[in-house]
Amino acid sequence: ARAGVGACRGLTRRLSRLTETVGAVERGALGVRANERGRDEVGTLARTFNRMAARIESQVDALRRTDRQRRDLVAHVSHDLRSPLASLRGYLETLTMRVDAPAEERQEHVARALHASERLSGLVSDLFDLARFDAAEVRPQLEAASLAELAAAAVADLRPEAARRNVTLRVRAEEGLPLAELDSGLIDRAVCNLVENALRHTPAGETVDGEVAREDTTTLSVAVRDTGEGVTPELLPRVFDRFVRADESRSSKGAGLGLAIVKRIAALHGGTVRVESTLGAGSTFTLVVPVAASAPVLEPESAASATAG
């Protein structure tokens, strides 16, 4: 009888301690765990509760990270929208107040206002696209296509911008490359983002080189090399995160969204994007996409025609 009473008291104490632990977690002490000793029902209940508490703690941590990211996003967006808006308003106010200004001066203000509006439009477009990627609303329409031709077309579209910056823009492709499995529109966007990023960080008089090559037996790559300031080793692991710039100062070039979009596009294709960089010597960003299944190999003259000088 005494043994039974003792066992009952021991069970009651264990249940009381488990109840206290549940109460502590309920009050917000998410790191508290129950004593899992015992192979009986109480021990099983304690282990089950601990697994549940660990999941809850993990979910709460994820919610807190999401909330911090949301606050950071609002802060970054507010800053990056404010800058072109302020420029646009300033030039328009100047035009309004100085109606008798020389035609050349008025034309310059109009041009700068248009440039500010283009920056604003580009930022809004990037934010919209990132939101669509995050919401899994983008479904790539995959087809067998020439990665070399896509890269050459993207470079051709950006040659006027390169000329404006006095930067030489070149792209070459290996001969005999197979077709890639890709969404032409998305990959064009990704390559353009990489080239635009390189142009922003390349000094006047320097060169941006693009190269399309076979990565391995199942993938192809587009590498874009610049001769800019490079990326610090501390920043390299985060360079594809949104709102991260090569220079963390708020006066840095670009809004820090282009590379984040490239990363999303690469993932949608089952590919990758990576960066190699040396401070003071430049960076190389490489987008990797899969070869099309049973894709025919391009003839050498076809690959050569996709190369732009």
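This is a predicted model: local features need pLDDT of at least 70, side-chain atom pairs count only at pLDDT 80 or more; totals for chains, interfaces and linings use all residues.
Which residues of the largest nonpolar core touch the most other members?

**Stop 1: the core.** Select Leu147, Ile187, Val212 and Leu287. Of the 52 residues in the largest nonpolar core, these four touch the most other members. Next, colour helix H5, residues 184–200, which gives the most to this core, with nine residues.

**Stop 2: around Leu147.** Centre the view on leucine 147. Leaving aside residues up to four places away in sequence, leucine 147 touches Ala180, Leu182, Ile187, Val212, Leu220, Ser221, Val222 and Val289. Apart from the core of 52 residues lies another core, of seven residues, which includes Leu18, Val25, Phe49 and Ala53.

**Stop 3: helix H6.** Select residues 258–268, which form helix H6. Its buried residues are Gly258, Leu259, Ala260, Ile261, Val262, Ile265 and Ala266. Among the elements that cover the buried residues of H6 are H3, H5, strand S6 (272–278) and S7. Just after H6, look at the backbone of glycine 270, where phi is positive, about 70°.

**Stop 4: H3 against H6.** The crossing in which H3 passes H6 is left-handed. To see the contact, show side chains for Asp126, Asp129, Leu130, Phe133 and Asp134 on H3, and for Ala260, Ile261, Arg264, Ile265 and Leu268 on H6. By type, the residues of this contact are six nonpolar and four charged, with no polar ones.

**Stop 5: the aromatic pair.** How many aromatic pairs does a search of the whole structure find? The search finds one. Select phenylalanine 240 and phenylalanine 285: their ring centres are 5.9 Å apart and their planes stand at 90°, so the pair is edge-to-face. Then trace the chain from each ring. Phenylalanine 240 sits in the loop between strand S5 (219–225) and H6, while phenylalanine 285 belongs to strand S7, residues 282–290. The pair thus links distant parts of the chain, 45 residues apart.

The cut-off for buried is under 20%.

Technical notes:
Residues are numbered from 1 along each chain as its sequence is written. Side-chain values use heavy atoms; hydrogens and water are left out. Axes are lines fitted to C-alpha atoms, for helices over the stretch in contact, and angles run from 0 to 180 degrees between N-to-C directions. Helices (H or I, at least four residues) and strands (E, at least two) are DSSP runs, numbered from the N terminus. A crossing is left-handed if the near helix is turned anticlockwise from the far one by less than a right angle, and right-handed if clockwise. Contact means heavy atoms within 4.5 Å. Ala, Val, Leu, Ile, Met, Phe, Trp, Tyr, Cys and Pro count as nonpolar, Asp, Glu, Lys and Arg as charged, and the others, Gly among them, as polar. A nonpolar core is a set of buried Ala, Val, Leu, Ile, Met, Phe, Trp, Tyr and Cys residues joined through side-chain atoms within 4.5 Å. Buried means under 20% relative accessible area, exposed over 50%, partly exposed in between (1.4 Å probe, protein chains only). Rings of Phe, Tyr and Trp (its six-membered ring) pair if their centres lie within 6.5 Å; planes under 30 degrees apart count as stacked, over 60 as edge-to-face and the rest as tilted.
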